[in-house]
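Please open the model in your viewer and keep the selection tool at hand. The tour goes from one selection to the next and says at each stop what is there.

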Amino acid sequence: NLDAVEEPVMQIPVAFAFSKKDADSELVAQMNEFILAAKESGLLEELKEKWTGREEPPADQHPDYTHLSGENGTITVAVNVESKPLVYLKDHRLTGYEIELLVLFSEEYGYQQDLRNVSFNAILPGIQTGRYDMGAAGFTITEERRESVVFSESYLTAESLMVISGRGGEGSGGTAAAGDSEETGFFADLADSFEKPLSAKHAGR
């Protein structure tokens, strides 16, 4: 049996990543403005409830990025489809929390999205070289990553929980043997919700 400690061990902000040379760009300023407004309006909380609930959103509630005008240009975004529920494939289309947030941002500011599915470890180097304008893959903000990229305002918090594996019999109170505890993350805790195994790295990537 697994018992989760109710209080999170650690809370780490999650954000979009941009090249450091774009730190003062209009795109980063617009993204930060949008995220702060979405926090104030309650939109971020609505998206969190929608995408991290016990049920996957119905098909007609998945984001549609085919209608974006692109009147103010196209943003090349590196994503990773192994980041469910933030980014994943459904019916051969990209979807998830971050995809919907990007679509809403693009509707607001008149952008088109060029979404590129690449390996997680290739995203930040690709941003640094200018191959991608930004990255969306559940990036937690760390000081090490700040050395190579700039982050947007945080739009989500990853919560690391402690899970205890109890080996005692009935009435043991779930006492854990030494070495039976492990840390798991916010998104790993969603594995049952989406019926797909997730590793703890998705919470603190």
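A salt bridge, a term needed at several stops, is a side-chain nitrogen of Lys or Arg within 4 Å of a carboxyl oxygen of Asp or Glu. What you see is a predicted model, in which local features need pLDDT of at least 70 and side-chain atom pairs count only at pLDDT 80 or more, while totals for chains, interfaces and linings use all residues. Residues are numbered from 1 along each chain as its sequence is written, and side-chain values use heavy atoms, with hydrogens and water left out.

**The whole chain**

Begin with a cartoon view of the protein chain, which has six helices and ten strands; helices (H or I, at least four residues) and strands (E, at least two) are DSSP runs, numbered from the N terminus. Of its 205 residues, 47% count as buried, where buried means under 20% relative accessible area, exposed means over 50%, and partly exposed lies in between (1.4 Å probe, protein chains only). If you switch to a surface view, the chain exposes about 10700 Å², of which carbon and sulfur atoms supply 44%; these areas come from the Shrake-Rupley method with a 1.4 Å probe, and for residues only the protein chains shown count as cover. Among the contacts (heavy atoms within 4.5 Å) with a separation of 6 or more, 72% are between residues 24 or more positions apart.

**Helix 3**

Next, select residues 97–109, which form helix 3. This helix has 13 residues and reaches 19 Å from its first C-alpha to its last, close to the 18 Å expected at 1.5 Å a residue, the expected span being 1.5 Å times one less than the number of residues. Is helix 3 largely enclosed by the rest of the structure, or largely open? Ten of its 13 residues are buried, so helix 3 is largely enclosed; among the buried ones are Tyr97, Ile99, Leu101, Phe105 and Tyr109. Just after the helix, select glycine 110, which takes a positive phi of about 75°.

**The nonpolar cores**

Now show side chains, and look for the nonpolar cores, each a set of buried Ala, Val, Leu, Ile, Met, Phe, Trp, Tyr and Cys residues joined through side-chain atoms within 4.5 Å. In soluble globular proteins, nonpolar side chains tend to be buried together. Of the 36 residues in the largest core here, Phe16, Tyr97 and Tyr155 touch the most other members. The elements that give two or more residues to this core include strand 2 (10–19), helix 1 (26–41) and strand 9 (156–166), and the largest share, seven residues, comes from helix 3.

Select tyrosine 155 by itself: leaving aside neighbours within four places in sequence, tyrosine 155 is in contact with residues that include Val14, Phe16, Ile35, Leu44, Tyr97 and Gly138.

**Charged pairs**

- Select lysine 21 and aspartate 22, whose closest N and O atoms are 3.6 Å apart; lysine 21 is exposed, with a relative accessible area of 63%, whereas aspartate 22, at 22%, is partly exposed.
- Select lysine 90 and glutamate 56, whose side chains meet at 3.9 Å, N to O. The pair links distant parts of the chain, with lysine 90 in strand 4 (residues 88–90) and glutamate 56, 34 residues apart from it, in the loop between helix 2 and strand 3.
- Select glutamate 143 and arginine 146, with their closest N and O atoms 3.5 Å apart; because they are three residues apart in helix 5 (residues 143–146), they are separated by about one helical turn.

Most residues other than glycine have a negative phi, and most peptide bonds are trans. Select lysine 84 and proline 85, which are joined by a cis peptide bond with omega about 10°; proline 85 lies in the loop between strand 3 and strand 4.

Finally, move to the loop between strand 4 and strand 5 (93–95), where aspartate 91 is found. Aspartate 91 has a positive phi near 55°, and histidine 92, in the loop between these strands too, has a positive phi of about 70° although it is not a glycine. At 80% relative accessibility, histidine 92 counts as exposed, and aspartate 91 is exposed at 64%.
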